[in-house]
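Biologist: I am new to this structure. Can you walk me through how to read it?

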Amino acid sequence: MTPAPDLTLVVARADNGVIGKDGRLPWHLPADLKHFRRVTMGGAMIMGRKTFDSLPGLLPGRRHVVLTRAARWRAEGAEVARSVEEALGLAGEGASVIGGAEIFRLLEPHADAVELTEIHAPFEGDTLLPPFDPSTWREVSREDHPAENGHPAFSFVRLERVGG
Ligand SMILES: NC(=O)c1ccc[n+]([C@@H]2O[C@H](COP(=O)([O-])OP(=O)(O)OC[C@H]3O[C@@H](n4cnc5c(N)ncnc54)[C@H](OP(=O)(O)O)[C@@H]3O)[C@@H](O)[C@H]2O)c1
């Protein structure tokens, strides 16, 4: 499958694969929220309906393209898509895919980069994502941050598609 031009997955994943718990993020990591804001700002964000429901509200400065199968679902500020093709068409170039697990799985074949926050601690949760396959994704940058102030250590990692 040909990746969409400039489509980036934006993922925070604990070392044990957990990305969500009870419809929310399992951790509170202010540095990662800032990073998320920086990498998504100004563009379209493609997300699943459950992730949209988990947001505290519309995130300023970004378009919200929401995948749902429900014929009548709508929400103020959301652009509704009922297929991957429709979501990609609405989002256009330079979009981010912000989850959750169902939507990462659906869109990974279309993406050409991943902005991955590795959280270096195990977390309990009910939503998991497998590791990114090193034969498909190669690491191009890494920024490590130690544990401090009760927050776990984490790394901001950029992956790009092999041969992309
Ligand atoms: N750590 C992270 O980076 C991160 C990022 C985002 C979310 N999360 C967490 O992940 C959890 C939510 O993830 P999730 O996997 O349960 O849900 P999700 O991917 O956010 O949303 C799933 C929903 O997307 C819609 N959908 C799925 N496939 C579709 C398709 N082929 N066509 C049209 N619509 C489709 C369906 O909506 P309908 O049911 O309306 O039909 C489905 O219920 C939460 O805990 C959230 O906090 C973590």
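Modeller: We start with the ligand. A residue is near a molecule if its C-beta atom, placed from the backbone, lies within 6 Å of it. Keep in mind that this is a predicted model.

Biologist: Which residues come nearest to the ligand?

Modeller: Gly-20, Gly-48, Thr-51, Gly-99 and Gly-100 come nearest, out of 28 residues around the ligand.

Biologist: How many helices and strands does the chain have?

Modeller: There are 4 helices and 10 strands. From the N terminus on, read them as β-β-α-β-α-β-β-α-β-α-β-β-β-β.

Biologist: How do I read strand pairing?

Modeller: Two strands pair if DSSP finds at least two bridges between them. Take strand 10 (residues 154–161), which pairs with strand 7 (residues 113–119) in the antiparallel sense over 7 bridges. In that pairing, Glu-118 of strand 7 stands opposite Ser-155 in strand 10. Strand 9 (residues 137–145) also pairs with strand 10 in the antiparallel sense, over 8 bridges. There, Ser-141 stands opposite Arg-158.

Biologist: What about the core?

Modeller: In soluble globular proteins, nonpolar side chains tend to be buried together. Here the largest nonpolar core has 38 residues. Those with the most contacts inside this core are Leu-9, Val-11, Ile-46, Val-97, Phe-104 and Val-114.

Biologist: What does Leu-9 touch?

Modeller: Leave out residues up to four places away in sequence, and Leu-9 touches Val-97, Phe-104, Leu-107, Glu-108, Ala-111 and Val-114.

Biologist: How far apart in sequence are residues in contact?

Modeller: Take contacts between residues at least 6 apart in sequence: 67% of them join residues at least 24 apart.

Biologist: And the overall shape?

Modeller: Compare the radius of gyration with that of a compact globule. For 164 residues the globule value is near 15 Å, and the chain has 15 Å, so the two agree. The C-alpha atoms fill a box of roughly 45 × 35 × 30 Å along the principal axes. Buried residues make up 34% of the 164 residues.

Note on methods. Residues are numbered from 1 along each chain as its sequence is written. This is a predicted model: local features need pLDDT of at least 70, side-chain atom pairs count only at pLDDT 80 or more; totals for chains, interfaces and linings use all residues. Helices (H or I, at least four residues) and strands (E, at least two) are DSSP runs, numbered from the N terminus. The radius of gyration is taken over C-alpha atoms; the globule rule is 2.2 Å times the number of residues to the power 0.38. A residue is buried if 20 or more other C-beta atoms lie within 10 Å of its own, exposed if 12 or fewer, and partly exposed in between; C-beta atoms are placed from the backbone. Two residues are in contact if their C-beta atoms, placed from the backbone, lie within 7 Å. A nonpolar core is a set of buried Ala, Val, Leu, Ile, Met, Phe, Trp, Tyr and Cys residues joined through C-beta atoms within 7 Å.
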